Amino acid sequence: MPDGSVSLARDAATEAGAQCVSLSFFRYESLARRVWVFGRMGFDRGPLARTPGIGFAKLMGTGTGMGFRPKPDWGVWTILAVWPDAGTAREAVETGDVWRRRRARADESCTIFMEPLSARGEWAGEAPFRPRAEARRDGEPLAVLTRATIKARRAVRFWAEVPDVEDDLSRCRSLLFQKGMGEVPWLHQVTFSVWRDAAEMARFAHDAGAHRSAVKAAYGGEWFTESLFARFAVTGTSGRWQGEDLRLI
C-alpha cells in the first residue's frame with residue numbers, strides 16, 4: 001500500500017463469509033492539515049457511506065495521553081468500517097476515496113484488519129460485528145474494543161477514573177497498541193487495544209485494580225445509556241505508525 005508495508009496473517013482464514021473490520025489511523029502534524037481533516041468530518045460522511053461493500057462505519061477523533069483522556073488529540077483521526085470479507089476491506093482501504101484523500105495529507109497512517117471473535121451490546125442501536133468463535137488461533141494477537149454512550153450527569157465521574165486506568169495499562173508488557181476514540185467528545189467513548197497475550201488482557205480487565213473498580217462503578221451506577229464490548233483476531237496490518245512499519249502479527 002502507498003503508506004507502508006502490508007502484513008497479513010492467515011490471509012485464507014478470512015474466507016468468504018468471514019466478516020472483516022478495518023480500523024484506520026491518520027496522524028496530522030501541521031495546523032493547516034489538522035484544520036483540513038477536522039472539516040472533512042462532515043464532508044466525508046456521504047462518500048464513506050457510498051463506498052462499495054461497506055457496512056457499519058464511523059469517523060472518529062481521538063483522545064490525548066494513551067488516547068483515553070477527555071482532552072481531544074487534534075492530530076489523530078480514525079475510520080472504523082465493517083466489510084463482508086478481507087478482500088473487500090483491503091481494496092477499499094487502498095483505493096477508497098475517503099482513505100486515499102486522508103492518507104495523501106497525513107504525515108503517517110496505518111490500518112489494522114480484524115475478524116470478530118465475540119461481541120455483546122450495541123453501537124448506535126446496532127450490533128455491527130458478526131463473530132466466529134473459532135476465528136482466533138493460538139499465538140495471534142487479540143484486539144479489544146469497548147464503546148459507551150456516557151450519561152451527561154456521569155461524565156465528570158467517568159473521566160476522573162481514566163488517569164489511574166492509564167497508569168495500570170502502561171505497565172502491561174503484553175500491550176502492543178492502544179488508542180481511545182470517540183464520535184462526540186466526552187459523551188461517546190471508544191477504547192481500542194491490541195494484546196500479545198490474552199491472559200494478561202484478562203488479568204488487566206478482571207483482576208483488582210483501577211480498571212476493575214471503574215467498570216464496577218460504571219455499571220453499578222448506570223453511567224451508560226448504551227455500551228458494547230467486542231474482541232477480534234488481528235488478521236493483517238498496513239502502513240506506518242510512530243515512525244515504523246506497523247507490525248502486530
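A: Let us begin with accessibility: buried means under 20% relative accessible area, exposed over 50%, and partly exposed in between (1.4 Å probe, protein chains only). Arginine 90 has a relative accessible area of 23% and is therefore partly exposed. This is a predicted model, in which local features need pLDDT of at least 70, side-chain atom pairs count only at pLDDT 80 or more, and totals for chains, interfaces and linings use all residues. Residues are numbered from 1 along each chain as its sequence is written, and side-chain values use heavy atoms, with hydrogens and water left out.

Q: In which helix is arginine 90 found?

A: Helices (H or I, at least four residues) and strands (E, at least two) are DSSP runs, numbered from the N terminus. Arginine 90 belongs to helix α3, residues 86-95.

Q: How do the axes of helix α1 and helix α4 cross?

A: Axes are lines fitted to C-alpha atoms, for helices over the stretch in contact, and angles run from 0 to 180 degrees between N-to-C directions. Angles under 35 degrees count as roughly parallel, over 145 as roughly antiparallel, 65 to 115 as roughly perpendicular and the rest as oblique. Helix α1 (residues 31-43) and helix α4 (residues 97-105) have axes that come within 10 Å and cross at roughly 165°. The two helices, α1 and α4, are therefore roughly antiparallel.

Q: Which residues make the contact of α1 and α4?

A: Contact means heavy atoms within 4.5 Å. Helix α1 contributes Arg33, Trp36, Val37, Arg40 and Met41, while α4 contributes Arg101, Arg102 and Arg105.

Q: What share of the protein chain is buried?

A: Of the 249 residues in the protein chain, 51% are buried.
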